[in-house]
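Student: Pick one part of this structure and take me through it slowly, please. I'd like the residues, the cut-offs and how the pieces connect.

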Amino acid sequence: LEFETRQAADGPYYWLLDALALYKPVTWEYNRCSITGSVLSKRLLQALVTRKLVSGWDDPRLLTLAGLRRRGYPPRAIRAFCAKLGATTSAKAETPMHLLEAVVREDLDSAAPRALAVRRPLRITLSNPDDIPELLLATGGVAHEGGGR
């Protein structure tokens, strides 16, 4: 957000490019993501990896993209988390870990198939079986018809 006002679509940077009829490049703003209770600094992560305190950059305990992939976080959930965070002007803004977990849970809730099994079924005798159909089908969940995608 450092150049936000200068590089806005109606800011002086694009006005000058318009006036000179020059190519207008697309600019992207990047922010630092800081999650409470985690190490995200490349310098500190490198130290953990080189001292073999973790198994590598893809260790599930690390919040690297490879580590999140090993945890089973879908890419669309990570993108949704980043979109939900948005851009911040504070250099010290910290995001609680439960926000990332909530976004991943929400994504998996809509996509994960559901199944139920009874490991030790009990035999029961129905006293009034006329009202019950012979075959009962279970759905994937009331909120998500079909059990996910």
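**The core and the helix beside it**

Tutor: Let's start with the largest nonpolar core, whose 11 residues are Ile-35, Leu-63, Leu-68, Tyr-73, Ala-77, Ile-78, Phe-81, Met-97, Leu-100, Val-103 and Val-104. Such a core is a set of buried Ala, Val, Leu, Ile, Met, Phe, Trp, Tyr and Cys residues joined through side-chain atoms within 4.5 Å. Buried means under 20% relative accessible area, exposed over 50%, and partly exposed in between, with a 1.4 Å probe and protein chains only. Bear in mind that this is a predicted model, where local features need pLDDT of at least 70 and side-chain atom pairs count only at pLDDT 80 or more, while totals for chains, interfaces and linings use all residues. Numbering runs from 1 along each chain as its sequence is written, and side-chain values use heavy atoms, with hydrogens and water left out.

Helix 4 and helix 5 each put at least two residues into this core, and the largest share, four residues, comes from helix 5. (Helices here are DSSP runs of H or I, at least four residues, numbered from the N terminus.)

Now zoom in on helix 4, residues 75-85, where Ala-77, Ile-78 and Phe-81 are the buried ones. They sit on the same side of helix 4 because they cover an arc of only 100 degrees around the axis, taken from the directions from the axis to the C-beta atoms.

What does the buried side of helix 4 pack against? Helix 3 (65-71) and helix 5 (97-111), with contact meaning heavy atoms within 4.5 Å. Phe-81 also touches Ile-35, whose other contacts include Leu-63, Met-97 and Leu-100, leaving out residues up to four places away in sequence. After helix 4 comes Gly-86, with a positive phi near 70 degrees.
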